[in-house]
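This briefing walks through a structure with the sequence and coordinates at hand.

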Amino acid sequence: MKKTAQRDLFPGALEMMILRMLKRQPLHGYALVQQIKRTSQDLLQIEEGSLYPALQRLLKAELVKAEWAVSSTNRRVRIYKLTAAGAKHLEREVSSFERMLEGITRVLAQGES
Amino acid sequence: MNWLKQLFLRRQLYEDLDQEIVLHLEERTEELVASGMTAKEAAAVARREFGNAQLVKETAREAWGWRWLEDLFADLSFGLRMLRKNPGFTAVGLLTIAIGIGANGAVFSVVNSVLLKPLNYPKAEELVALHQTAPGAAGLADFENGLLLSPSMYFTYAEQNRTFQSLGVWIKGTANVTGLAEPEQVRTVDVSDGLLQALGTPPEVGRWFSAADQIPRGPETVMLSYGYWQRRFGGDRAVIGRIITVDSRPRGIVGVMPKGFQFNDADFDLVRPLAFERGKLILAGFGFHGIARLKPGTTIAKADSDITRMLPIWMDSWSNGPGLDGHFYERWRITPMIRPLKEEVIGNVGELLWVVMGTIGLVMLIACANVANLMLVRVEARQQELAVRSALGASWTRIVRGLLVESMVLGLIGGVIGVGLACAGVRFLLAIGPANLPRLDEISIDGRTLGFTLVLSVLSGLLFGLIPALKYAGPRTSLALGSAGRTISASRERHRARNLLVVGQVAMALVLLVSAGLMIRTFDALRMVEPGFTDPQHLQLMRISIPDTLIQEPERVTRTQNAMIDKLSAIPGVKSAAFISEMPMEGFDSAWNEMFAEDKVYSAGSIAPLRLFKDISPGFLQTAGTRLVAGREMNWNEVYALRPVVMVSENLAREMWGTPSAAIGKHLRESSSMPWNEVIGVVQDVYENGVQEKAPETVYWPALIQNRYAPAARTVTFLIRSDRAGTEGFLNEVRQAVWSVNPNLPLASVRTMQEVYDKSGARTSFTLVMLGIAGAMALTLGIIGIYGVISYTVSRRQREIGIRLALGAQGGDVLQMVLTHGAKLALVGVTIGIGAAFGLTRLMANLLFGVKPHDPLTFATVAALLIFVALLACYIPARRAMLVDPMVALRYE
């Protein structure tokens, strides 16, 4: 069986980015993908579809909640919002990610010198 | 319970997701169209960028963790559909499993109720039976009951012990109740103080006996069983305080015991206080069963050593008479062997039930093998489908799971039907089971039995599903696609699983048939034993007791009995009538004592073995059909003249004097204070405890003797020889005859000697029937198994056979080839089976009589039978193979 769709980078990265985007403002799925793509300036190869399993996982963990609404462009959309638990989770994830990144960077810098 | 809510809302969640994806694609498409693409192009690009929508959905669903559940449902509905589509296969499979599970469920419910459930008393695990052995008192202390307690032992143990909360003794008996309706003989249990307290079951109404009820010549009281209370008093709660006449004495009712209450497994109508006269007790009188409740935390070993400590105290505290040393009993080597009360109640039936459970379990295995075989055939036919599924990306674990779910569904449905069959089976078991099976009325299908059948269903489903699943769902399935549809000649490897199953079946069937065969030989051997009476079907029995409150003088008791014999003999169709203290195999307690011969010298310290004592009326031998070996029978004149004459059994005569005729004219006595008795006759050995037990050495006394303890036999079994025995009209005339002598005498235990005889052999016939059923089932299933495999192989090999025939093979060669295949399987199975049976039949050695567990005749016969039947099962497909038309076979495609 093929394992779940390419989650780019590492497990949890996509979720972290989704949460970060939603922290700024509630968004629906399509807008989320576009935002992430735009913000990352297409550095990250994200298959659009892979967003949805990630969103379902976040829904299940109750880090986000979703409700149907009508967008400014007058289309029916499902808007995702960050929950309080989601905000806390994001903070933890970001700080642990930053620590990891710093560690990796240091090691890599060591290797160069 | 959030996940539960989510589970029920999951359809909504999935729909949301589906819509969201559609909208996402729409939005993207519109954007692309706005940037100048055609609608068609835009849609394609949007889909490509999105990725595999179906996979996204599945992955997204997986996030909720229900995937396995949904797959299971899918497998389940698929399995059910497959079963519905193959009604023939389903019916055969279900029936096989249902019968197997039904039989197992029924036997298990008996095992569970009899062996596993605790006894029906509060905190039953604390209860123990005060069992003790006395190797030095052969005869009196038999293997089953050991040495029972005497009243003086009871007082010593009750007053001096350090390990029991309470302790009491009891004894079964009968009593006549008059004044309620017709005079009725009822079953009694007499109890000492402490017994009801030890058992601990509170009364339904009223109270237990108190210490005051146990005072001799105090107020006479009685308790009722629930059944007697309902039967005679309609369950009236105001019955407390009423007076009933028991053995011609008034007794006040103080309480009623609740429904289902028994003493061990003794049913009763009345309970009376024993009310021992402490001052008059001697050491002897070993007739009472002892029950005690251990103090919490005490072990049986500690209680045993407590009794060992008290035995010398008992010998010092009481006496058998002036000048007699109590330490005489040291020679009996009395040893406490306290055991849990449950063990005492179950007795030796445990072993029998486990053997039956084991054989029925084997039948289940054979049934599973058969269903596994069916499944193999079916899965083989579905190989293509499985290969296609596997090629389309189904993982092989998924396929295995699908097959397993299917077989488990079969197992579970079979189990449900099986429970229904088990209910019927329990009723059947109760009908044919030994009537003296302990705890019979507790047998029912309870939660534990249902749990057992559930586990059995799932396990058997796993068992017969796993074999085909592992065989065909493995990674090699892709090969099947290549050869799909080609009826190639079967490779050896493809049939290995089926051949193994058949070999296993034959082996197990052999084990079961050998056990059944051994039981048949046992039954035969038992029937060959001359029991010591003839034509039991035409021997009417009934028990009549004349209490001293009714007729006090001993000679008048005997004259009354004599008058009854005369009246009974006058009934039309009666050849003769007589009485005896108890007929063999009736199970009433008998008297035993030492017997010394005048012409033998007994050294001071030695003890004579105990002999069985029977009191008989003249005419007993002729009526019962017991053969006189030498001498003559006593007559009525001798009885009334109190002539000291006795008859002895042949084995006793041989033991003492070498030959039966040498015994005539010799003299015997019980002790130095008793008169000598002349031996006037020698009687054939009578199997008192059933034909499988050694016939005890017996002394036959006249019904009336010069003896200050019991000069006349008051409670005796009358026997009437008549072709009309057992018929209702005959019994009416018998009753009238008895009541014309004395209208106050109830008749009890009215039955023919055949019933007594059958009951005594019930254990053997029950085992025989059960093993017979198991053996027949095993044989049938085994034959079906062999037939199925050979016939399937032949149909798969049609092409090959066609080629052989086309190349000049004769029909006979083909026949021989197929039969050889079957014979090989049967031979291997039989060989393995003989090995297994050799080990297993030893477990049933105690159930056998007159035949060794390794009886070569049984083994050879069963092996030959199985091989013959196997060849017969192969013959039909083999003939079909012989008649194969080469042209048709080769064109077969």
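Which residue of β3(A) is the bridge partner of A:H28? The bridge partner of A:H28 in β3(A) is A:I79. The model discussed here is a predicted one, and the points below take up chain A, then the contact between chain A and chain B, and then chain B.

**Chain A and its sheet**

- Chain A is built from 4 helices and 3 strands, and its elements, read from the N terminus, follow the order α-β-α-α-β-β-α.
- The strands of chain A form an open sheet of 3 strands in the order β1-β3-β2, and the pairing in this sheet is antiparallel.
- Because β1 (27–28) and β2 (64–70) of chain A each have a single partner strand, they stand at the edges of the sheet, and one side of each is left without a neighbour there.
- The pairing of β1(A) with strand β3 (residues 76–82) of chain A is antiparallel and runs over 2 bridges, and the pair A:H28 and A:I79 belongs to these two strands.
- Helix α1 (residues 13–24) of chain A packs on this sheet, where it touches β1, β2 and β3 of chain A, and its direction makes about 95 degrees with that of β3(A).
- Of the 113 residues in chain A, 32% count as buried, and among contacts between residues at least 6 apart in sequence, 55% join residues at least 24 apart.

**The contact between the chains**

- Chain B gives 20 residues to the contact and chain A gives 18 residues.
- On the side of chain B that touches chain A, α2 (10–34), α3 (39–50) and α4 (53–63) of chain B each supply at least two residues, and the largest share, 8 residues, comes from α2(B).
- Sorted by class, this side of chain B holds 10 nonpolar, 5 polar and 5 charged residues.

**Chain B as a whole**

- The secondary structure of chain B amounts to 29 helices and 24 strands, and buried residues make up 42% of its 893 residues.
- Among the contacts in chain B with a separation of 6 or more, 84% are accounted for by residues 24 or more positions apart.

**Strand pairing around β4(B)**

- Strand β3 (residues 164–178) of chain B and strand β4 (residues 184–191) of chain B run antiparallel and are joined by 8 bridges, with B:G173 standing opposite B:T188 in β4(B).
- These two strands, β3(B) and β4(B), form a hairpin with 5 residues between them, and B:G179 in the turn has a positive phi of about 95 degrees.
- β4(B) also pairs with strand β9 (residues 270–273) of chain B, here in the parallel sense and over 4 bridges, and B:T188 stands opposite B:L270 in β9(B).

**Helix α18 of chain B**

- At 1.5 Å a residue, the 16 residues of helix α18 (residues 554–569) of chain B should span 22 Å, which agrees with the 23 Å between its end C-alpha atoms.
- The buried residues of α18(B) are B:P554, B:V557, B:T558, B:Q561, B:M564, B:I565 and B:L568; seen down the axis of α18(B), they fall within an arc of 115 degrees, so they line one face of the helix.
- On the other side of α18(B), B:R556 and B:D566 are exposed, whereas the buried residues of α18(B) pack against β14 (574–580), α20 (636–640), β23 (715–722) and α23 (728–741) of chain B.

Definitions and conventions
Residues are numbered from 1 along each chain as its sequence is written. Chains are lettered from A and ligands numbered from 1 in the order in which they are written. This is a predicted model: local features need pLDDT of at least 70, side-chain atom pairs count only at pLDDT 80 or more; totals for chains, interfaces and linings use all residues. Two residues are in contact if their C-beta atoms, placed from the backbone, lie within 7 Å. Ala, Val, Leu, Ile, Met, Phe, Trp, Tyr, Cys and Pro count as nonpolar, Asp, Glu, Lys and Arg as charged, and the others, Gly among them, as polar. Two strands pair if DSSP finds at least two bridges between them. Axes are lines fitted to C-alpha atoms, for helices over the stretch in contact, and angles run from 0 to 180 degrees between N-to-C directions. The expected span of a helix is 1.5 Å times one less than its number of residues. A residue is buried if 20 or more other C-beta atoms lie within 10 Å of its own, exposed if 12 or fewer, and partly exposed in between; C-beta atoms are placed from the backbone. The arc is that of the directions from the helix axis to the C-beta atoms.
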